[in-house]
Amino acid sequence: MRIRGISAVFAMSLPILAAAIGTSCITGSLLCCNVVEPATAQNIADLGSILSPIPPDIVGSIGLECTPVTLLGIILTPCANQLVCCSLDQLAPLVALGCEAPL
């Protein structure tokens, strides 16, 4: 009887595990950001007025209000906003730079 219960829980968790496997980063950290904006000249200028120095050659997007994500974390509490991989996350949780969609 107990084996059936464990099997049922495992079977129900497979779709969540499959989704989590598709959330890995080649470079940078996996983050859950409330806002992801393109790294336009205006957005970088706006950040530069608050934070300095901002690297001039940002590739990707800018993530705002980001929290780190782990595989276990994404299974237990999925990201309600946007999952991104950010190469410059030293300013997290406020700002992460060089963000791209995870694999």
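As a predicted model, it is described by local features only at pLDDT of at least 70 and by side-chain atom pairs only at pLDDT 80 or more, while totals for chains, interfaces and linings use all residues. Residues are numbered from 1 along each chain as its sequence is written, and side-chain values use heavy atoms, with hydrogens and water left out.

Student: Which pattern does the protein follow along the sequence?
Tutor: Helices (H or I, at least four residues) and strands (E, at least two) are DSSP runs, numbered from the N terminus. The protein has 3 helices and 4 strands. Read along the sequence, their pattern is α-β-α-β-α-β-β.

Student: In which element is confidence lowest?
Tutor: The predictor's confidence in each residue is its pLDDT, from 0 to 100, and the protein averages 75. Strand E1 (residues 29-38) has the highest mean, at 92. The lowest mean, 46, belongs to helix H1 (residues 2-21).

Student: Is Leu-94 buried or exposed?
Tutor: Leu-94 lies in the loop between strand E3 (82-88) and strand E4 (95-100). Relative accessible area under 20% means buried, over 50% exposed, and in between partly exposed (1.4 Å probe, protein chains only). At a relative accessible area of 58%, Leu-94 is exposed.

Student: Which residues does Leu-94 touch, not counting residues up to four places away in sequence?
Tutor: A contact requires heavy atoms within 4.5 Å. Leu-94 and Gly-63 are 31 residues apart in sequence, yet their C-alpha atoms are 8.2 Å apart in space. With that exclusion, the residues touched by Leu-94 are Gly-63, Leu-64 and Glu-65.
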